[in-house]
Amino acid sequence: WKPLKQHKAILLGDEIVVSFLVPCPPLQFRPSFRVLELYEPADKGFRVTDDDGVVPITAVTIAAEAVVAIALGRPVSGQAYVWYAPQTTHQGHGSLFDSDPTVCTENYVYEADSGQYPEANVSEFVDRPYPLNNACVAFRIEVEA
């Protein structure tokens, strides 16, 4: 087994393209759990910084089965870095997953008055198998110009 992880980040005009090593392509965006809530931020868990600070992200899209494109809100100044699921802004969470077709052998169970938090009653999961897509690992990678 190998994780879904970054390979290379390249600056192309007003966007950064990040290639990934994907165990089960293609890449997909879907919500993740942050504590007991489904979490899918507009930036999909990405952050870009450069010598002037944080670079605004205007869009994040899947450009190919193993490539994500990050549209930038301003030109990059000096050395840029792409972060994914940084603790400071996303508490280690993001929305990038592979398409692993493996099906869990057990269904998600919620039992009221059993000690589970009421927020654990997530209708998308109750009485269905857990999704077993591989989540992308958190990272910071230097952007190549």
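The sulfur of Cys-104 lies 15 Å from the closest cysteine sulfur, that of Cys-24, which is too far for a bond. For Cys-24, the closest cysteine sulfur is in Cys-136, at 14 Å, again too far for a bond. The structure accordingly holds 0 disulfides, a disulfide being a pair of cysteine sulfur atoms within 2.5 Å. Cys-24 counts as partly exposed, at 22% relative accessibility. The classes used here are buried (under 20% relative accessible area), exposed (over 50%) and partly exposed in between, with a 1.4 Å probe and protein chains only.

The model is predicted: local features need pLDDT of at least 70, side-chain atom pairs count only at pLDDT 80 or more, and totals for chains, interfaces and linings use all residues. Residues are numbered from 1 along each chain as its sequence is written, and side-chain values use heavy atoms, with hydrogens and water left out.

## Overall build

Of the 145 residues in the chain, 34% are buried. The C-alpha trace spans about 55 × 25 × 20 Å along its principal axes. Among contacts in the chain with a separation of 6 or more, 67% are between residues 24 or more positions apart; a contact means heavy atoms within 4.5 Å.

## Strand pairing

| Strands | Sense | Bridges |
|---|---|---|
| S2 (residues 15-21) and S9 (residues 67-72) | antiparallel | 5 bridges |
| S8 and S9 | antiparallel | 6 bridges |
| S6 and S10 (residues 81-84) | antiparallel | 4 bridges |
| S6 and S7 (residues 53-55) | antiparallel | 3 bridges |

S9 pairs with S2 and is also joined to S8. On the S8 side, Val-60 stands opposite Ile-70, and a hairpin through 2 residues connects S8 to S9.

Ala-59 belongs to S8, which covers residues 57-64. This alanine is partly exposed, with 32% relative accessibility. Leaving aside neighbours within four places in sequence, Ala-59 is in contact with Ala-69, Ile-70 and Ala-71. Its C-alpha atom is separated by 19 Å from that of Lys-8, 51 residues apart along the chain.

S6 is mostly covered, with 4 of its 5 residues buried. The strand pairs with S7 and with S10. S6 and S7 form a hairpin with 2 residues between them, and Asp-50 stands opposite Gly-53 in S7.

Thr-49 sits in S6, residues 46-50, and is buried at a relative accessible area of 12%. Its bridge partner in S10 is Tyr-81. The side chains of Thr-49 and Trp-83 are joined by a polar contact of 2.9 Å. A polar contact is a pair of N or O atoms within 3.5 Å; within protein, one must be able to donate a hydrogen and the other to accept it, and residues adjacent in sequence count only if both atoms are side-chain atoms. Beyond the neighbours within four places in sequence, Thr-49 is in contact with Val-54, Val-55, Gln-79, Ala-80, Tyr-81 and Trp-83.

## Leu-11 in strand S1

Leu-11 is placed in S1, residues 5-12, and is partly exposed at 25% relative accessibility. Apart from neighbours within four places in sequence, its contacts are Ile-16, Leu-72, Val-76, Val-143, Glu-144 and Ala-145. Leu-11 and Val-76 are 65 residues apart in sequence, with a C-alpha to C-alpha distance of 8.7 Å.

## The largest pocket

The largest pocket holds about 190 Å³ of space. Of the 16 residues that line this pocket, Arg-30, Ser-32, Phe-33, Phe-97 and Ala-135 are the closest to its centre. Strands S4 (32-34) and S13 (129-131) are the elements that give two or more residues to the lining. A pocket is found on a 1 Å grid over the protein atoms alone, as an open set of points where a 1.4 Å probe fits, with protein on both sides within 12 Å along at least five of seven lines; lining residues have an atom within 4 Å of a point. Grid points are joined across faces, edges and corners, and the volume is the space filled by probe spheres set on the points.

Methods: Pairing = 2+ DSSP bridges.
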